[in-house]
Amino acid sequence: MLTYIARRILYSIPVLFLSSFLSFVFVSYAGNPLGNLRSNPRIPANTLRLVAERNHLNDPVVLRYFYWLKDFVTDKMGKSLLTFQPIWPDVHRTILHTAQVVLIAECLAIILGVAVGIFSAIRQYSVFDYTFTSLSFLGYAMPTFWLGLLLQILFVDIYLKWHVRIFYTSGLNNIGQGTWSLDRLQHIALPVVTLCVVSFALYSRYMRASMLDVINSDYVRTARAKGVAEWRVVTRHVVRNALIPVVTVAALNLGGLLGGAIVTETIFTLDGFGYYFIQSLQNSDFYAVMAYLVVTSVIIILFNLIADVVYGYLDPRIRYD
Amino acid sequence: MTDSPTPVPPAAQVAPPEQTIDGMVVAPATFGEDSTVAAGLEVAVRSQWDYARRRFLRHRLAMIGFVGLVIIFGAGIFANWVAPYRPTDIDLNNILHAPAVAGQHYFGTDDTGRDYLSRVIYGIRTSLEVGVTVAFVSSIVGLIIGAIAGYYGGLIDNLLMRLTDLVLTLPALAVLLTAAALLGQGSQWRLTFILAGFFWTGIARVVRGVFLSLREKEYVEAAKASGAGDARIMFRHILPNTLGPIVVNATISVAAAIITEAALSFLGFGVNPLTTPSLGGLLSSAQANPQQWWLTIFPGLTIVLITLCVNFLGDGLRDALDPSQRRVRA
Amino acid sequence: MHRRLWLLAGAAVAMLLLAASATARTTGSASVHAASLKAAPFAQSWAQTPRTVAGRKAKDVVVIADEQDPSGFNIYQATQSSAWAGYMVTPVIRGAYIITDQGGYNLDLAKSVKATKTSLTITLRPDANWNWGGVKSPVTNADLKYTLEAFLNPNNQVASNTGYINIDPSKTQLVGTKTAVFHWRTSCPADQITAGTCAVGAFADYRDLFGIVYPSKALAGLDWNTLWSDCVCGNNGKPISDGPYILSNWTKGNGTTLVSNPMWYGKKPAIKTIQWKFVADTSSEIQGMRGGEYDMIYPSPQTALSQLVNQPGLVYNTNRAYIFEHIDVQQGPQGAPLLKQPWMRQAIFLAINRVSLIKAIFSSYAPGVKPLNSLEYILGKAALPHFGKWATSQKKAIALLKAHGCTGGPSAPTRGNSNFFSCGGQQASFRWYTTVGNDRRATSAAIFQQQLAAVGIKINPQFFPGPAVLFGKTLPSHDYDLAEYAFVAGSPDPSNNDGIFKTGGGQNYTQYSSTKADKLMAQAGVTFDPAKRQALYEQVDQILANDLPIIPLYTYPSILVYRKALAGAEHSNASLSTGPAWNAEQWHWTS
């Protein structure tokens, strides 16, 4: 197992380099920091020349990639090309905000999804099963941004009509409030619900299908034949084994979401990682965009690896050679 | 990329088990061939396709989904006849009217007086074109790559899986933005092919899993021993076993592609909003007019309905094509 | 099995702990370097701000919602130049003149300014003083000299040095402590003229010079390019101001606080504290105005604002801003050849209906917007409607096209027409480029497409990202036919538009060239008599109205919403960097 992990990590490194290089090429061709400056009509040619020189904009792309790499590694992700502000504090701050929202949403989704999946499978074809299967279908079919928009409109209407703030519809928190204050929870409630719905639907479906698979398998039948009590069969044998694929899917899902729930953050104007990315992209702030891409790539590769390792660890039938 | 999770099955896919009919192992899991009969029994057996078809037709939800899709996609395909107005007809005297029967504006009008029902119908057509094409192209690409990786294993497998990793880590938004920069915004076909370039990874992994597990089977060895070439083995013997997961994955890809395109259009990176109304683009302009509820509700509802029907269909197909399920739901 | 579950649970807990280790401070950290301000962060001062209007009235506090988080306060540094930073700096650091709400220039720091063909003499007020960390020191002519040199320094990334390059820095004379005499250049090396770092002769728009005066003593030893990145302060980190207010703190992501400056020369301001609270999206601003959280907002124009139009207790003020939306008509070799024909451009202008376009876009939230009919002067008596002669007449457009041999189009204006004209073998079909993600431009592209199709002209709209593509690549490469976007004028003075119409001008993306207009603009550049200068620019405007290098559409409405009880608040019509607090010293709460 350890050799497998080591090998995977080793293979990931060239992938990471290649991915960052390709991303850099894409981003440099897509945007031009001088473009932002040019929209100011009176900018002198000398200033454009200075900015271009400082950011090596006239060098070939490969050379610029290495300048970026050097800054990234030696200067804590470098400084924003346009504002000279260091990037790492922004990345650090925004990724923690995103992590808070995403982790809460995922935990809720896992807990609810697993619970609903278990009961749906045990009481297959009952009213409970049909209701929740339909709900999870609905949840899975709902585009997150639409749900977010609807929730936002609903709660803005409530505030304007009755002047009572149940949940806030934008921003992370009011000034001076802490990370785990009630105010913060009121602000992130709606984004959390938005993200939770689709994940919940996914996990409950997977859990149910996985439970059904396990319930109909031979070893469960053996346990029942041996006379083990039903609830013990369920908790001891069925659930634990059924959880395995769900855990894997959850790890993959989490990896994707940690890359920044871009659309949700845009709708709710959260100061998160995805929002930071979109802003940097619109300002052609290369270094910030590259920082985002590299961090996201690392997260995705890491979580893919975690998913595979966890799966291999939990399921003795899987052998990695 | 976007927040909707793409359904990636676990890394190691459990291989489909042997075919059983009432407990007797009859034949390896190959579709399209009549199952051989165990010696001595003269039972008229149906082929696997028959079972699949029957299961599918009995699956209530799948039927609902199928009919729903026929209606919705039919409206999209025949948009020219179904839509009461042209989607680009501006009527500055009729701005932002609520839905009403008078004037045939059943979904109301938008901020330049264009009939919203027509725009939604043409939006369905765009979504349909994008979704189906993405699913189709990504399935084929994923199939080829997964088959080669799974069958040959070793170094080729490693390289192809690292390629998969690479694609997974590339940011779709940056690529789309670059494309928009170099080629100007907007043909939906360019968006389609770029999306397909990101969607094939799921199918590739599943197909690879199947090929990995099946290539050790005895009948493959037998085929090799009798001189069958690699291509023949891959196509004739192993490939049919992947059709089930591929069909299911393709169905799910359609829904995922539609939602992704809508999200991209919503962010402003999708199709040209003027020439091709798109459901996501409609939602994006609806944001500017939050008090006109019909602008937000109708496109979103349409997306939900399309995705629901596709998911029902996918579920039904998976149940029908899953060889291990013997129950035919009454 | 137990162990495995514990492992999973442990991993989950670890992840939660990781998230919980998020800094408890939600305030982001501004960068720290030598000259940074260690004042009380915004959160503390915000905690003491009353949340109700009545409370704020009692304490003489005003809260303004700030739409953009500044990235630094040296607004003349090109990469930090942001509109809202400019709004916050206007009450803090002043210049020779200040532009009023009517577009006029009032003397501010300067007691008198005299410009001749050879020199520019500025005398500062005797009572103009710097308040540097509580220490008073006079504003002197050394500050003027420092400012000039900052703008001329080739290592400084200045946002604009127009006019400063006309001054010869080696000939500056300092008389006493308050008067500086600058001399215009009499000659320039040829390469510097083309590089744009040197210009010969007097600069007629001298009132736009020294719009900011830097404190030379306080900034000694600091690099101008990294100046004021998180505060407006001197080299010891203490805040500095010569205006009615001091910038006492700024916290990134939260807001800025201004407190009144006792050492300002004018009447003590009635409002003691101005809080600029950062609110990233407009719908929160709107809710804040309705709910009593904010006293003033200065939002970017959008439809959602219609909710505030008739609210009791609020003043909803729209005015013309110095940003004008227009259609570029490419006349270079990469544009459509048909566009080089004046009658084609005229036909396009005649075919579009700007009134109905404006009504569709603005009527719900900015009812006063009108089509723009003059380019050199946007406001006031000098704005003569030269372009008004192209009032909408689709019949005339068709007649014009037919008269020049175009065939294949409709004979009368037809809605939904799909037969397009062909003129001399070329189809009247043009690329139309504009920015993506802009609802207003998407709407106008749709409307124009229909209006032009009605007279048989086809346009093919395409949408590009603005700064990255349209402004950065497409426009400078001149590879387009028609483009719709907005120009931002730096000040009311018409010389700001010279770059758009002069042959080879920096914003002359259309590659328009008129020797007559060039001559007139050059002449106006050295004419000091305001009446004569105006007459020259009126002539330029008439030439432009005939040649139609660009088609003016409308000026953006500038929307200011504030509490009725806040007297003295007045819309600023000046350049974008002056902002709503340009006369904050005149505000006071009424009951």
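Which residue forms a salt bridge with C:Arg441? In this predicted model, where local features need pLDDT of at least 70, side-chain atom pairs count only at pLDDT 80 or more, and totals for chains, interfaces and linings use all residues, the partner is C:Glu325, with the closest N and O atoms 2.8 Å apart. A salt bridge here is a side-chain nitrogen of Lys or Arg within 4 Å of a carboxyl oxygen of Asp or Glu. C:Arg441 sits in helix α11 (residues 439-453) of chain C and C:Glu325 in strand β15 (residues 314-329) of chain C, so the pair ties together parts 116 residues apart in sequence; helices (H or I, at least four residues) and strands (E, at least two) are DSSP runs, numbered from the N terminus. Both C:Arg441 and C:Glu325 are buried, meaning under 20% relative accessible area, with exposed over 50% and partly exposed in between (1.4 Å probe, protein chains only).

Over all chains, the count comes to 21 salt bridges. Another one joins A:Arg8 to A:Asp308 at 2.8 Å, N to O. Helix α1 (residues 2-30) of chain A holds A:Arg8 and helix α13 (residues 286-314) of chain A holds A:Asp308, so this pair links parts that are 300 residues apart in sequence. A:Arg8 and A:Asp308 are both buried.

Then there is A:Arg93, which pairs with A:Asp271 at 2.9 Å between the closest N and O atoms. A:Arg93 counts as buried because its relative accessibility is 18%, while A:Asp271, at 26%, counts as partly exposed.

As for chain B and chain C, the count of salt bridges between them is zero. Residues are numbered from 1 along each chain as its sequence is written, chains are lettered from A and ligands numbered from 1 in the order in which they are written, and side-chain values use heavy atoms, leaving out hydrogens and water.
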